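Here are my notes for you, point by point. Keep the model open while you read, and click on each residue as it comes up.

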Amino acid sequence: MTSRIVLCGPFPLPVGGVSIHLQRLYEGLERNKDFDVVAINESKVESGRYINFRKGHFLRYFYELLRADCVHIHSSVELFRFLHCFFCFLLRKKFIITYHSFRTDSYLVTKLNRLLCYFANTVISVSEEIEEKLRVGSKVKNAYLPVSN
């Protein structure tokens, strides 16, 4: 039986560190027959390959969340991160949050992110610096994923 994973975050285009990471993660999971993977794209540029969150494809978004076994959130936009986590919580879905950066000085935003982490099944920070700011006991993992053939 395959596990259905929904990846949320910015996919190329534009090309950047997080979008390349997500594209490689998506392609690696897609090749593995143990997973059925769906991408929710937060980029401003729409790609036919991924469901675009910013373009209002909300019915398809909720449909995919309902079918998901796990949702892996890579959002850099605080509002999107909050919405994904909130909907996962309401739907009782397992979710993972990966922080690729954490640049806020806002007390409220920091507290809100710590609350999200409390409800997440797993929290990953891509550097010690991010974990030091969040202070939630996240797993620290390098974000680099090699190109796979």
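1. Let's start with a term we'll need all the way through: a residue is buried under 20% relative accessible area, exposed over 50%, and partly exposed in between (1.4 Å probe, protein chains only). Residues are numbered from 1 along each chain as its sequence is written, and side-chain values use heavy atoms, with hydrogens and water left out. Keep in mind that this is a predicted model: local features need pLDDT of at least 70, side-chain atom pairs count only at pLDDT 80 or more, and totals for chains, interfaces and linings use all residues.

2. Now the overall layout. The protein has five helices and seven strands, where helices (H or I, at least four residues) and strands (E, at least two) are DSSP runs numbered from the N terminus. Read from the N terminus, the order is β-α-β-β-α-β-α-β-α-β-α-β. The radius of gyration is 15 Å, close to the 15 Å that the globule rule gives for 149 residues, so the protein is as compact as a globular protein of that length. (That radius is taken over C-alpha atoms, and the globule rule is 2.2 Å times the number of residues to the power 0.38.) Along its principal axes, the C-alpha trace spans about 40 × 35 × 35 Å.

3. What share of the 149 residues counts as buried? It's 42%. The accessible surface comes to about 8,500 Å², and 58% of it belongs to carbon and sulfur atoms; such areas come from the Shrake-Rupley method with a 1.4 Å probe, and for residues only the protein chains shown count as cover. As for contacts (heavy atoms within 4.5 Å), look at those with a separation of 6 or more: 57% of them are between residues 24 or more positions apart.

4. On to the inside. A nonpolar core is a set of buried Ala, Val, Leu, Ile, Met, Phe, Trp, Tyr and Cys residues joined through side-chain atoms within 4.5 Å. The largest one here has 25 residues, and Val6, Ile40, Val71, Phe95, Ile97 and Tyr99 touch the most other members. Among the elements giving two or more residues to this core are strands S1 (3-9), S2 (35-41), S4 (70-73) and S5 (94-99). Helix H3 (78-90) is also on that list, and H3 gives the most, with four residues. There is also a second, separate core of eleven residues, including Ile5, Leu7, Leu29 and Ala39.

5. Not counting residues up to four places away in sequence, the residues touched by Ile97 include Ile73, Cys85, Leu116 and Val123. Arg81 and Thr122 are among the contacts of Ile97 too.

6. Gly9 sits in strand S1 and counts as buried, at 0% relative accessibility. Leaving aside neighbours within four places in sequence, Gly9 is in contact with Leu22, Ile40, Asn41, Glu42, His74 and Ser75.

7. Next, the salt bridges: a side-chain nitrogen of Lys or Arg within 4 Å of a carboxyl oxygen of Asp or Glu. How many are there by this rule? Eight. One of them joins Asp36 and Arg4, with the closest N and O atoms 2.0 Å apart. This pair links distant parts of the chain, since Asp36 is in S2 and Arg4 in S1, 32 residues apart. Arg4 is buried, at 9% relative accessible area, whereas Asp36 is partly exposed, at 31%.

8. Compare that with Glu64 and Arg60, whose side chains meet in a salt bridge (3.1 Å, N to O). These two are four residues apart in helix H2, so about one helical turn separates them. Glu64 is buried, at 2% relative accessibility, while Arg60 is partly exposed, at 44%. Both pairs belong to a network of salt bridges linking Arg4, Asp36, Arg60, Glu64 and Arg67.

9. Finally, the outside. Phe86, Phe89, Leu90, Leu112, Leu115, Tyr118 and Phe119 form a nonpolar surface patch, with about 690 Å² of accessible area together. Such a patch is made of residues with over 30% relative accessible area and no salt bridge, with nonpolar side chains (Val, Leu, Ile, Met, Phe, Trp, Tyr) joined within 5 Å; in charge patches, like charges are joined within 9 Å. H4 supplies the largest share, four residues. Phe119 lies in H4 and is partly exposed, at 38% relative accessibility.
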